[in-house]
Amino acid sequence: MKRSKTLTMTALISGAALTLAACGGGGDAEGDSTAGGAAEGGKTLRLAINQTEDYPSTVALTNFGENLSEATDGRWSVDVYPNEQLGAQAETLQLVADGAVDLAVVAGPQLENLNKDFVVFNLPTVFESVEHETAVINDPEITKDLYSSLEDKGISVVGGFTAGMRGVYTKDGPIEKPADLNGMKIRVQETDTNIRMIELMGGTATPMAFGEVYTALQSGVIDGAENAEPSYVTQKHYEVAKHFSYTDHLINTDYLIINSDLLASMSEDDKAIFDEQWDVFLDDFGGLWEESLNSAIEEAKAAGVTFTQPDKKAFADALAPIVEESITNDVQQKLFDDAKAAAPGA
Ligand code: GCU
């Protein structure tokens, strides 16, 4: 029943990119728009996200835009484009770098493709819980250099928020142990780390964009995918893959990124308001995330999904080599050590 999205999306992406390029990096509200992504005095910011309108971050970012507008007397506001309307994450990452889109939500694997140091927050076992992850990714002492490391590419990281603890879901199941994934093609996000992760867990990895997953599941191109319950349900993947296994193999982070020229062009006062509203967003999102987790599980159960508790230790043991394989420099080692030191009870 899912939308025949690919064609319309291609048209929308090229249409959006052309329109945005033609108006020099996006329309402005009351302020002046200048070269690249920069804006003086204010702008209606275009924000790209690949989630549905009712996904918690889409809702909280829409609220963020309204609050920002109110706090700046309408000078800065946000138009949220959900459902990959402006492109899949790999594309919107580039559009933000170019200043054609102002803001986008991208998951850790995408940033890892630009700076390998982001791998640390995309590693199985690094975070013990969403609470642990949230504390680490919002601690400037740990993240400051990492979040500014892409500025020479035109990208600044505003901050991170959870994309949840991930399980594996399959058309045939249940998945109870790594051997059950043998021969199964499981969709992953597009990085070597995530490919390796599924291989270690026993499956065969098929990297693809988020918006392609429903059709790939339906047509049998893949046998399953991995994500947290809110995405599993809002993307309707549960309609075609009815076995959800709590492998808990990864806690993934989403980041809000902004064009660096745009950020640099904000006045000190407006930047302070933007940061204040980001803190409000984080609180708002936290509550919405909890609600969405509960309602997603209920909705999936009502639709006949089976939730399985597999042999988690067997998956964790299988994944153990990935940490050593992935951490290859001192910056990554420090991020890893800092993250571990921030664990509750560490
Ligand atoms: C989560 C995450 C997205 C990401 C997606 C994926 O839904 O919030 O940012 O794109 O996983 O698996 O691709």
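What is the volume of the largest cavity? About 180 Å³. Let me walk you through it.

First, the ground rules. This is a predicted model, where local features need pLDDT of at least 70, side-chain atom pairs count only at pLDDT 80 or more, and totals for chains, interfaces and linings use all residues. Residues are numbered from 1 along each chain as its sequence is written, and side-chain values use heavy atoms, with hydrogens and water left out.

Now, the cavity. Rolling a probe the size of a water molecule over the atoms shows where empty space is left. Here a 1 Å grid is laid over the protein atoms alone; a cavity is a set of points where a 1.4 Å probe fits but cannot get out, and lining residues have an atom within 4 Å of a point. Points are joined across faces, edges and corners, and a volume is the space filled by probe spheres set on them. The structure holds 1 cavity of 30 Å³ or more. Its lining has 20 residues, and N50, Q89, A107, Q189 and F210 lie nearest the centre. Two or more lining residues come from each of α3 (89–98), β6 (155–170) and β10 (243–259). Those elements are DSSP runs numbered from the N terminus: helices are H or I, at least four residues, and strands are E, at least two.

What sits in the largest cavity? The ligand does; that takes more than half of its atoms within 2 Å of the grid points. Around the ligand are 13 residues, with Q89, R166, R187, S231 and D254 the closest. To count, a residue needs a heavy atom within 4 Å.

Next, polar contacts, meaning pairs of N or O atoms within 3.5 Å. A polar side-chain atom of D254 is 2.5 Å from a ligand oxygen. For R166, that distance to an oxygen of the ligand is 2.8 Å. For an N or O atom in the N50 side chain, it is 2.9 Å. The protein covers 99% of the 320 Å² of accessible area that the ligand has on its own, by the Shrake-Rupley method with a 1.4 Å probe.

Last, the largest pocket. A pocket is an open set of points with protein on both sides within 12 Å along at least five of seven lines. This one holds about 480 Å³ of space. Of its 21 lining residues, Y147, V157, V158, G159 and D275 are closest to the centre. Which element gives the largest share of that lining? It is α11, with 6 residues.

Terms used: Polar contact = N/O pair within 3.5 Å; in protein donor to acceptor, adjacent residues only side chain to side chain.
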